[in-house]
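The sequence and structure are shown first.

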Amino acid sequence: MPLIDPADAPREAGNHERLGGYERLHLGAAGGIGQFGVVLEMLPPGAASSDRHWHEAEDEFLWVLEGEATVVEDSGERPLQPGDCMAWPAGVPNAHRVENRCDTPLRFLVAGWRALHDVVHYPDRGVRAVVQGDERREEPASYAHAPGVTSGYIDRAACPMKTGSIYPAPYGAMMAGRSSLRLGQAGGLGQFGANLVLLEPGAKSSLRHWHEREDEFAMVVKGTPTLVENDGPHPTAPGSFAGFPAGVENGHHFINDSDSLAGFLVLGSKMNPERAFYSDIDLAVALKDGGATFTTHNGLPYEEPVA
């Protein structure tokens with residue numbers, strides 16, 4: 001079953017001398033996700049997530065779950081409420097960290113690409129960390145403030161909204177009532193996508209499917225959609241998590257069988273080329289360079305039914 005129990009996730013906790021206390025649950029690892037990390041982090045009052053930093057080779061994405069966060073980045077400080085999100089694309093020198101300046105605990109989800117080689121810059125400390133696999137070394141570095149840095153804050157009102165479907169007939173019409181806010185696109189992410197999928201009553205997120213090369217991770221944020229996968233239906237609620245590793249033939253989708261709006265955040269790797277297979281019908285799609293070609297499972301051209 002792809003649902004992730006946070007109690008089963010690898011846990012780390014401690015009390016850093018400069019940064020304060022922290023607890024991290026590695027949800028992505030618990031769900032078999034390896035292309036990007038997904039961590040549920042908890043900070044007590046007065047704590048900070050890290051030293052301000054930016055990555056040369058790894059995208060990052062943040063979603064606040066509980067409490068009020070203060071994000072400190074090169075462009076200034078910004079308070080965040082539950083449901084707010086930010087993105088920091090790889091290679092953009094916008095050093096950032098999360099602080100809890102309130103008197104209640106702070107919980108947030110953070111996702112980051114896993115590059116084999118990365119350089120992490122810490123301008124406030126005057127060092128950079130060179131990361132190669134499991135090896136890491138720090139060395140001195142000089143930094144000058146770069147004016148005009150844009151905040152990583154994602155304004156939902158300005159996000160691209162996708163409706164409709166690229167599915168061929170008759171399947172495209174089955175996606176009525178589904179929409180998707182392209183959060184990652186608005187935030188400049190290129191290594192993985194971050195979308196807020198909204199389902200009207202009776203709508204489904206997709207045809208039941210699995211990906212050949214792309215990991216997926218989902219977190220329910222609104223309503224009680226039903227997750228349907230090979231083992232059958234599973235009820236969910238806000239705070240439910242699920243992981244779908246690449247290459248695992250577990251067809252999945254969400255269905256909103258309630259009478260109110262439902263929504264979930266989905267993170268997914270961006271592989272080019274990629275193939276996805278639809279479990280309940282003889283349909284597959286090959287994705288390459290922004291185009292989509294639909295075939296049968298064995299690669300024959302898909303033919304739409306004649307009316």
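Which residues have the most contacts inside the largest nonpolar core?

## Basis

This is a predicted model, in which local features need pLDDT of at least 70, side-chain atom pairs count only at pLDDT 80 or more, and totals for chains, interfaces and linings use all residues. Residues are numbered from 1 along each chain as its sequence is written, and side-chain values use heavy atoms, with hydrogens and water left out.

## Nonpolar cores

Leu 27, Phe 61, Trp 63, Leu 109, Leu 183, Phe 217 and Leu 267 have the most contacts inside the largest nonpolar core, which has 29 residues. A nonpolar core is a set of buried Ala, Val, Leu, Ile, Met, Phe, Trp, Tyr and Cys residues joined through side-chain atoms within 4.5 Å; buried means under 20% relative accessible area, exposed over 50%, and partly exposed in between (1.4 Å probe, protein chains only). Strand β4 supplies the largest share of this core, four residues. Strands are DSSP runs of E, at least two residues long, numbered from the N terminus.

## Salt bridges

The model holds 17 salt bridges, each a side-chain nitrogen of Lys or Arg within 4 Å of a carboxyl oxygen of Asp or Glu. Arg 125 and Asp 51 form one of them (3.7 Å, N to O), linking parts of the chain 74 residues apart. Arg 125 is partly exposed at 35% relative accessibility, whereas Asp 51 is buried at 12%.

Arg 52 forms a salt bridge with Asp 74, with the closest N and O atoms 2.5 Å apart.
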